[in-house]
Each structure stands twice: as structure tokens, then as C-alpha cells.
Amino acid sequence: MTGLAYNNLAQEKIWLAGGAKIDGEVAISGAKNAVLPLMAASLLSGGECIINNVPRLDDVLVMLSVFKELGVKADFCGHTLRLDCRRVRPAAVEPKVLGRIRASNLILGPLLARFKEAEIGACGGCSIGSRPLDLHFAALEALGAKILPLEGGYFAFARELKGTRVTFPFPSVGATENLIMAAALAQGQTVLSGAAAEPEIVELAAYINAMGGKVCGAGTPTVVIEGVKSLRSASYTVMPDRIEAGTYLLAGALAGGEVLLRGARRAELAALLAALDAMGVTWRETAAGLVVCGGSRRAIDIVTAPHPGFPTDLQPLLTAALCTARGRSTVRETIFENRFTYAAELKKMGASIQIRDNCAIINGVPALCGADVAAGDLRAGAALVLAALAAEGESLIAGVEYIDRGYEDMVPKLAALGADIRRVKLRARAV
Ligand code: UD1
């Protein structure tokens, strides 16, 4: 039988000729990981919510298809999203839809709080680890919910939700968000210890408070939520995406030139900026955002950790930048157990990387070379784009669908900075 290099459908890839210096400015979009919980929290409101600065990403569109099945009327115009939640019903959502993004589990807390029942499917997302929901369930059960496993999902119900003390053994971002949303409409006070402190949690609390909620302490390990009877409409502007900003900071470090990241905020990127300092990359803060300049890079040792530690979502991107740093770097991943699959692809580009348990050991090489590579998840895709930007020769990167989940206009943004990059559609060919 004749083998086919690609299937019969045209497959989209990113083509990139490395070596072009990038220069200029790039606008940072609204944060994916903030907007998805904000959308979920809108289900708590019996009115119309307006979220501004919403990035046009595939994950947002999938969440909107979940919302359609729940009876939400949505209007997504430009970067403004209007969600009319007056006729929401806690319907069972098609498992295939729920299975497409991990953040679909965030409908559990708000639906349970507002309707005392919710059904979710087995949630999807990037395959970077096992990603169980045990902390979500334990927290909701502490408020009085019962969770029943169904074939391919879960059904949650409660007579009432009552505030209580909850302690997380690990600061899960999603479980913190689900608990805050459920407790926002519970009876009495909930005190959550061991909460995740990511900036997106601060954003969620601010949004719920704008709806008339009472959430204090977000951004610290202890969050106190006073339940209220109902939440009203709100209008809110989403924070800039710190992971997208980190991506372009590292792109500038690899292939700059001088690049202004319009809207990027220093405080939320402190761990990456400290890493750039240690690598010898120069950057500065201006009123418009952060500016990064390329330059030579030194090897460093990094360990990922919950906020304010080094973010796991930037780990593959930092590794890509360290492939051509002077010396031997180590990158230890402590959040997800399967987050180094992209290393094999970087090796095809000439990188010297060894994976030992949860640690990547990277011996810097003078330059990478272009190659035909494939991304297996969102940040891995972005890491391969960064590596290809600075590599010698042409690269073809498959897995564009992952990049589209979390980066708004990545290809046009890099092209506007001077990168020689475009999307191409390849037809089937016999090999
Ligand atoms: C969120 C982010 C994701 C980021 C991650 C860690 C969104 C939409 N996604 O994912 O981009 O990489 O935070 O910063 O905001 N865990 C359990 N049991 C649970 C929940 C989590 O064992 O009930 C484990 C996970 O398997 C993982 C770790 O805790 O090993 C971190 O997960 P969590 O913080 O919950 O990440 P997400 O909310 O899924």
C-alpha cells in the first residue's frame, strides 16, 4: 500500500524561515486563562454580562458552544462578549463539546450554586498530565454537594450549599476557581486555605465583586467568600495575557531586535523577568508595556511552581530559548507530569536535550536548524515556533490547531514584527 505523508484533507501547518530579526511592537491580547473563568462566573448572574478585551481564540469559541447548550444568549463582536444569562438552564452538555477544553469543568461551581445541579462530561484540554478533578469535587462536597459519576461524566447536586472551611493540599487553579464561584452564592462564609494565587484568580474575584459578590484575599493563599443571595449584571475588561506576553518576551530574547509588548505588565511576569535577568537578556518597563532586546544568552536552572513561581505554561518556551544559550541549563517541571513531549521535536532541530524524570538537561548549541516538526499541545506549539524563529533554514510546524486554542493571531503578529512566517495548507502526497 502506498503511504501518505498527510491525510486526504489539506493539513494546515506553519512555515517559517528562521534568522530574520524581529523588531517593533506587538499588542498583547486579553488573557485566555482569565476569560474562561470569567465566562463561567457569568452563569452566576441572572442578567447580562459584558466582558471586554476577549481574545478571539478557539477555546473561547468552544466555551461559547457549551454556553449555547446551557441557554445563554451570546453576542461576540470584535473583542466584546455579551452574555445574557437570564434563561440559563442546567442542561446536560454534549460530551463531545465539553471534552474539547479543560476549562469546561468551570461550569460546575456556578451551575451548582445557581441551580443546585450541574452535569459535566469528562473534560478535555492539553494532554500534559492526568489532570484529575478530585480537588474540585472535594471542595464542592465540603459545601454540601453530592457528585455522582456518570458514564463519560459527572452529575452534581445539592439541597443547599453552605459556607465552610476548605483546605487544599495543592493550590489547583481550576479547583480554586470552582470553589470561589460556588461559594459566591452559598449560605454564609467560606474560608479557603491553600488557594492558588495566580493573577487570573484575582481577576475572577474582581469580576464576581463587580457583580455584587463578596470575595476577599484573592491572590493570597487564603480566600474568604461571603455568600450573597444573588449576583447582578457586570461589565469588565480582561487583563492582558501574561503567558502570551511571556511568549513574545522570549521571542524577542531569541530573535530581537527591540520588541515592545504593548500592555504587558511587569508584576505578573516577575518570575520570567528574573529568569531573563539571569540569562543576561535585557528588558525594560515603559508606560506602554515591556520592551525586550535580544542578545547572547547564558544557561540557567529553573523549577516550575505555582504562582508566584515560574509558570509551567512558559516552561516549553523557556526551554526553546535555552537550547542555544551558552552552557548547561536544567528545567524541572513540578506541576504536570507529561510536559516534555516537545523535546523530541527540538532535538530534530539539533537541540541537545536529555529528559531525566521531571527534568530537562539542555546543553546549549550554537544554533538550531530548521526541521519538519509537530506540536502535541498548545505551549509546545508556541515553543517550536520560537525555536524555528531563531533556527537556520526553513521549518514546517504541524499542530496549528493547538496554537489557535490559545494564541490570537500568532502568525500575523510575528509577521508584523518581521518574521518570515506564514500558514500553509498541504495536500496529500504519496511517499
Ligand atoms: C490552569 C491553566 C493552565 C495552567 C495550570 C497551572 C486555565 C484554563 N488553565 O489549569 O494553563 O497550566 O492552571 O498553572 O486556567 N490537580 C489534581 N486534582 C485536581 C486539580 C488539579 O491533582 O482536582 C493537579 C493537576 O493534575 C496538575 C496540578 O494539579 O498536576 C495543577 O493543576 P491546576 O492548577 O488545577 O491546573 P488547571 O486549572 O487545570
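Contact here means heavy atoms within 4.5 Å. The structure is a predicted model. Asn 178 is part of helix H6, which covers residues 173–184. Setting aside neighbours within four places in sequence, Asn 178 is in contact with Asn 105, Leu 106, Leu 108, Gly 109, Pro 110, His 136 and Leu 140.

Asn 178 counts as buried because its relative accessibility is 0%, and the cut-off for buried is under 20%.

The domain assignment divides the protein into domain 1 (10–28 + 241–427) and domain 2 (32–231). Their C-alpha centres are 30 Å apart. Domain 1 gives 20 residues to the contact, and domain 2 gives 24 residues. Together the two domains bury about 1800 Å², with 51% of that area on carbon and sulfur atoms. On the side of domain 1, the residues that lose the most area to domain 2 are His 307, Arg 405 and Glu 408, which together make up 35% of what that side buries.

Seven residue pairs are in polar contact across this interface. Helix H12 (378–390) and helix H13 (400–406) each supply at least two residues of the side of domain 1 that touches domain 2. H13 gives the largest share of that side, three residues. Two salt bridges also cross between domain 1 and domain 2.

## Nonpolar cores

The largest nonpolar core has 78 residues, and Met 39, Leu 44, Ile 107 and Ile 208 touch the most other members.

Met 39 touches Ile 51, Val 60, Met 63, Leu 64, Phe 67, Leu 81 and Leu 83, leaving out residues up to four places away in sequence. Met 39 is also among the buried residues of H1. Helix H1 spans residues 32–42 and is mostly covered, with 10 of its 11 residues buried.

## Salt bridges

The whole structure contains 17 salt bridges. In one of them, Arg 423 pairs with Glu 12, the closest N and O atoms being 2.9 Å apart. Arg 423 belongs to strand S23 (residues 420–426) and Glu 12 to strand S1 (residues 11–17), 411 residues apart. Both ends are partly exposed: Arg 423 at 34% relative accessibility and Glu 12 with a relative accessible area of 29%.

Glu 244 and Lys 413 form another salt bridge, with 2.7 Å between the closest N and O atoms. Glu 244 is in helix H8 (residues 242–255) and Lys 413 in helix H14 (residues 410–416), so this pair ties together parts 169 residues apart in sequence. Glu 244 is buried at 2% relative accessibility, and Lys 413 is buried with a relative accessible area of 13%.

## Around strand S15

The side chains of Glu 285 and Arg 266 meet in a salt bridge at 3.3 Å, N to O. Because Glu 285 lies in strand S15 and Arg 266 in the loop between strand S14 (256–262) and helix H9 (270–279), the pair ties together parts 19 residues apart in sequence. Glu 285 is partly exposed at 46% relative accessibility, and Arg 266 is partly exposed with a relative accessible area of 40%.

Ala 288 sits in the loop between strand S15 (282–286) and strand S16 (289–293). Its relative accessible area is 26%, so Ala 288 is partly exposed. Apart from neighbours within four places in sequence, Ala 288 is in contact with Leu 260, Leu 261, Arg 262 and Gly 263.

Note on methods: Residues numbered from 1 in each chain as written. Predicted model: local features only at pLDDT ≥ 70, side-chain atom pairs only at ≥ 80, totals over all residues. Heavy atoms only, no water. Core = buried A, V, L, I, M, F, W, Y, C linked by side-chain atoms within 4.5 Å. Buried < 20%, exposed > 50% of the residue type's maximum accessible area, 1.4 Å probe, protein only. Domains from an automatic or database assignment. Buried area = accessible area lost by both parts, 1.4 Å probe. Salt bridge = Lys/Arg side-chain N within 4 Å of Asp/Glu carboxyl O. Polar contact = N/O pair within 3.5 Å; in protein donor to acceptor, adjacent residues only side chain to side chain. Helix = DSSP H or I, 4+ residues; strand = E, 2+ residues; numbered from the N terminus.
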